[in-house]
Amino acid sequence: MKTLELKIEIGFCSVDELKEADRELVEAARQATANSYSPYSHFSVGAALRLSDGEIIIGANQENAAFPSGLCAERTAMFAAQAQCPSQSVVALAIAAKNNGVPTARPVAPCGACRQSLIEIEERYKRPMKVLLCGTEGVYIVNSVKDLLPLSFIGDSMIETL
Ligand code: THU
């Protein structure tokens, strides 16, 4: 049996070490946690997307008494961006969270369903999206959603090649 080795590089630094545009995005994600509606989990997630024209679009998780009807912060931001600015690609995404009002120490990572939705955007615009996962301990810098979802299922996966 052969093995397939995947190399994924994830940067880790403090917010202060980020470039100004990324610092601004992290700050927007942190502030967006205030727009979370999370009376059930008390876990407030904020997301901020940077579009190719520089605009920032934010999102926050929106929960529902019927649990599956809620939506994660990342997808509220992404779907809002796609609905409002479909011609703009997405350059970067920052995610931050508070647990019972306290910012998480460890960088928060997107759930599997959000990763699948994020990779669709990378495929749609044919450009990698930088993902900044924020915690008070620091920020993980992921260069592409592909690094968060190796061996992903994308539109091309349905095209049969002989
Ligand atoms: N949540 C997000 O907003 N993003 C994620 O990637 C993980 C989970 C939300 C969903 C739910 O409102 C709460 O966090 C607890 O799972």
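User: Which residues are around the ligand, and how should I read that list?

Analyst: A residue belongs to such a list if one of its heavy atoms lies within 4 Å of the molecule. In this predicted model, the residues around the ligand are Ser41, Phe43, Val45, Asn61, Glu63, Cys72, Ala73, Glu74, Ala109, Pro110 and Cys111. By class, the shell has 7 nonpolar, 2 polar and 2 charged residues.

User: Where does the ligand sit, and which elements give two or more residues to the shell?

Analyst: The largest pocket holds the ligand. Two or more shell residues come from each of β2 (43-51) and α2 (73-84).

User: How much of the ligand does the protein bury?

Analyst: Burial is read against the ligand taken alone, which exposes 370 Å²; the protein buries 75% of that.

User: Which residues does UniProt place under "binding site"?

Analyst: The unreviewed UniProt entry gives this feature at Cys72, Cys111 and Cys114. These positions are spread over 43 residues of sequence but cluster in space, with a largest C-alpha distance of 8.4 Å. From this set, Cys72 and Cys111 are in the lining of the largest pocket.

User: Where in the fold is Cys72?

Analyst: Cys72 is in the loop between β3 (56-60) and α2.

Technical notes. Residues numbered from 1 in each chain as written. Predicted model: local features only at pLDDT ≥ 70, side-chain atom pairs only at ≥ 80, totals over all residues. Heavy atoms only, no water. Areas by Shrake-Rupley, 256 points an atom, 1.4 Å probe, with all protein chains shown as cover. 1 Å grid on protein atoms, 1.4 Å probe; cavity = no way out; pocket = protein on both sides within 12 Å on 5 of 7 lines; lining within 4 Å. Sits in = over half its atoms within 2 Å of the grid points. Helix = DSSP H or I, 4+ residues; strand = E, 2+ residues; numbered from the N terminus. Nonpolar A, V, L, I, M, F, W, Y, C, P; charged D, E, K, R; others polar. UniProt positions renumbered as here; feature names shortened; annotations may be inferred.
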